[in-house]
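Welcome! Here is a short note to read beside the sequence and the 3D view, with each point meant to be checked by eye.

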Amino acid sequence: MGGRLVFLLVATLLVSVSEELNSEGQYLLELKNGIEDEFNFLANWKSTDETPCGWTGVNCTSDKEPLVWSLDLNWMNLSGILSPSIGGLIHLNHLDLSYNEFNGAIPKEIGNCSHLTFLYLRANRFSGPIPEEIGNLSSLEEFEAYTNDLTGPLPRSIGNLQNLRIFRVGENAISGYFPTEICRCQSLQFLGLATNRIGGVIPKELGNCSKLETLYLFQNSFVGNIPVEIGNLKFLKTLCLYNNEFRGNIPREIGNLSLAIMIQLSSNCLTGEIPTEFGKIKGLRMLLIYHNQLTGVIPNELSSLRNLTNLDLAANYLTGPIPYGFQYLTEMSYLQLSENSLSGTIPQQLGRYSSLSLVDFTDNYLTGKIPPHICRHSKLIWLILGHNKLSGNIPTGIKNCKRLQRLSLLGNRLTGTVPSEVGNLVNLYFFRLNDNKFTGAIPPEIGNCTKLQSLEIAGNHFTSKLPKEIGELSQLMLLNVSSNLLTGQIPSEIASCKMLERLDLSHNNFVDSLPKQLGTLSQLEILKLSENKLSGTIPESLGISLSHLIELQMGGNEFSGEIPGELGYLSSLQVALNLSYNNLSGTIPLELGKLALLEVLLLNNNHLNGEIPTTFESLLSLVEFNFSYNNLTGPLPAMKLFKNMTSCSFTGNPFYKGNPFLQVPLPKSCSPAGWKPETSIDMETFKSDVMGVASPRVVKA
């Protein structure tokens, strides 16, 4: 009996030992304790297992005594901290925790994982500095921790990592300087420090990283010159230094980067000329140097870059012509030269040999005609040529621009009519022809452009009626046809443009009454109808539904009848209410005193009578008003605008009589000769502005 008991005891002990989880499994369970596993991905991590080799995300060697060499937990929606127990996995070769919600510090114990070769922590919420112990990982080849909340300076110990090929820590809040020690990483191929707060200069020793292929330093606070030693990086394919504070010239040694595909130096303070040596980089596809202070001409040598697809030199101080050879760059897709001082003509074969997608030459001094073949390959999405000195007509080839989304030709000297083919531009959402010399009618085919959001054709010589097909533009948010010669009635169909926010029909020859349907445009913020020949009464509906309206301009028409009290319900009205120079009669409605945000009120040159309502005392935001040339009587209300007025404000203006806010009689130092105080109030010429100075002069608003 005793012998049997001993046997059972020994057997139990053996079973207990054989089922005990090994040490690496215990480290992993400690790791799990710090993790919040919302979707229970780690459910099979159990202490009753002998080894962790079958657990989710765990891979082991195939040895007799298997060891954990890989832990891959990416995209599991895990959160919590990375436990210091990670340092117990000393045989770990591969660790990937990417695209989770881990937070807290990267534990210094990770430096104990001496065999670690691949370390991926990207897209989490790790914070604090990268630990110096990272420099103990002598086998490390790839370290990616971009898109986290890391802070502090980069550890100098990175220089110990002689096998490091990829180091990416962009999109963090890392500060300090570029440690020169990084330049000792002779195997480095990809260095990504973008979108941080790193400052100082780029050390010239970076030129020693002879295997570097990609250099991302953009969106930091780097200063000083771009080091000439950057030209030693013979294998560099991508150079991105934009959004920093680099100064000085672009080094000519940049032309030694014979394998470069993309060079991005935009949004710095670079000066001097564009190096002709760029022309030596035959494989270059993207050259972006916009928003700098570059001067001189665009070098003709850029015309030899046959693989160039994207050239952006906008917002510099470049002069001279667009190189003639640009029209033969067959791979060119994006050409942006705006905001310079370029002159001469646009190469007339531009677009004939290349499938252009975007052309932007805005704000230059270009002359001549729009190239006729610019849409030859029907790939053009943006054509922006505004604020130049271009002449001639819109080319009929515009009908090929069926993918065109933005067309801006404003501020030129273009003539002729808008071709009916504009109706083929069914993807157009932004159309600007302002301030040219276009004539003729607006083509009704514009109604086919149903994606249009902004239509601006002000400042031309368009005649005839506004086409009713405008009502087909259901996505339209901005319509500006002001300062033309348009006639006829305002089409009621315009009320179908329910998304309209800004409508400007001013300075035309529109006649007859205003469509009541305009009052249904509930998104309207600005309505300008001034300087037409509109007549009839002001529709009450304008004051009922236009709750977003901040500016209403109706001056210089022939509106008659009374001012609708409903206008007082335009609670958002702020910029101006202008009803001047009409034939309005009756009293000023009390309800206008509810316009608490209103800054400018113009009621002058009408036939209004009665007193100015005392409710106007509530117009605390008012900075300018004009009630002159009406038949108003009675005292002025105690408006805030009058408080800074003194009798001296009226010196030389004997037309103001009996104003109760003036000292009567005026002090001798202010009284004009021959002026006599009177007790009656004459409001005929009363006007005031924010300076508190009244004046009898008439300013047509």
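Which residues have the most contacts inside the largest nonpolar core? The answer comes in point 2, after a few words on the model.

1. **What you are looking at.** This is a predicted model, in which local features need pLDDT of at least 70, side-chain atom pairs count only at pLDDT 80 or more, and totals for chains, interfaces and linings use all residues. Residues are numbered from 1 along each chain as its sequence is written, and side-chain values use heavy atoms, with hydrogens and water left out. The protein has three helices and 49 strands; helices (H or I, at least four residues) and strands (E, at least two) are DSSP runs, numbered from the N terminus. Of its 701 residues, 52% are buried, where buried means under 20% relative accessible area, exposed over 50%, and partly exposed in between (1.4 Å probe, protein chains only). The accessible surface is about 29,700 Å², and carbon and sulfur atoms account for 50% of that; the areas come from the Shrake-Rupley method with a 1.4 Å probe, and for residues only the protein chains shown count as cover.

2. **The largest core.** Phe143 and Phe167 have the most contacts inside the largest nonpolar core, which has 179 residues. A nonpolar core is a set of buried Ala, Val, Leu, Ile, Met, Phe, Trp, Tyr and Cys residues joined through side-chain atoms within 4.5 Å. The elements giving two or more residues to this core are helix 2 (23–33), strand 2 (58–60) and strand 3 (68–72), and helix 2 supplies the largest share, three residues. Leaving out residues up to four places away in sequence, Phe167 touches Phe143 as well as Ile130, Leu154, Ile158, Leu188, Phe190, Leu191, Gly192 and Leu193; contact here means heavy atoms within 4.5 Å. A second, separate core has five residues, among them Ala194, Phe218, Cys240 and Tyr242.

3. **Helix 2.** Now turn to helix 2, where Glu24, Gly25, Leu28, Leu29 and Leu31 are buried. Viewed down the helix axis, the buried residues fall within an arc of 155 degrees, so they line one face of helix 2; the arc is that of the directions from the helix axis to the C-beta atoms. These buried residues pack against strand 1, strand 2 and strand 3.

4. How many strands form the open sheet with the order 1-4-6-8-10? Five strands do, and their pairing is mixed. Two strands pair if DSSP finds at least two bridges between them. At the edges are strand 1 (35–37) and strand 10 (149–150), each pairing on one side only. Within the sheet, strand 6 (residues 101–105) and strand 8 (residues 125–128) run parallel and are joined by three bridges. Gly104 stands opposite Phe126 in strand 8.

5. Another open sheet has three strands in the order 22-24-26, with parallel pairing. Its edge strands are strand 22 (319–320) and strand 26 (365–367), each of which pairs on one side only. Strand 22 is joined to strand 24 (residues 341–345) by two bridges, and Thr319 has Ser341 as its bridge partner in strand 24.

6. **Strands 15, 17 and 19.** Strand 15 (residues 221–224) and strand 17 (residues 245–249) run parallel, with two bridges between them. Gly224 has Phe246 of strand 17 as its bridge partner. Strand 17 also runs parallel to strand 19 (residues 269–271), through three bridges, and Arg247 stands opposite Cys269 of strand 19.

7. **Asn220.** Is Asn220 buried or exposed? At 8% relative accessibility, Asn220 counts as buried. Asn220 sits in the loop between strand 14 (214–216) and strand 15. A polar atom of its side chain lies 3.2 Å from the backbone nitrogen of Asn196. Beyond neighbours within four places in sequence, the contacts of Asn220 include Leu193, Ala194, Asn243 and Asn244.

8. **Leu603.** Further along, Leu603 lies in the loop between strand 45 (600–602) and strand 46 (607–610). Its relative accessibility is 1%, so Leu603 counts as buried. Not counting residues up to four places away in sequence, Leu603 touches residues including Ile563, Leu579, Ile588 and Phe627. The C-alpha atoms of Leu603 and Tyr629 are 9.0 Å apart, with the two residues 26 apart along the chain.

Key: A polar contact is a pair of N or O atoms within 3.5 Å; within protein, one must be able to donate a hydrogen and the other to accept it, and residues adjacent in sequence count only if both atoms are side-chain atoms.
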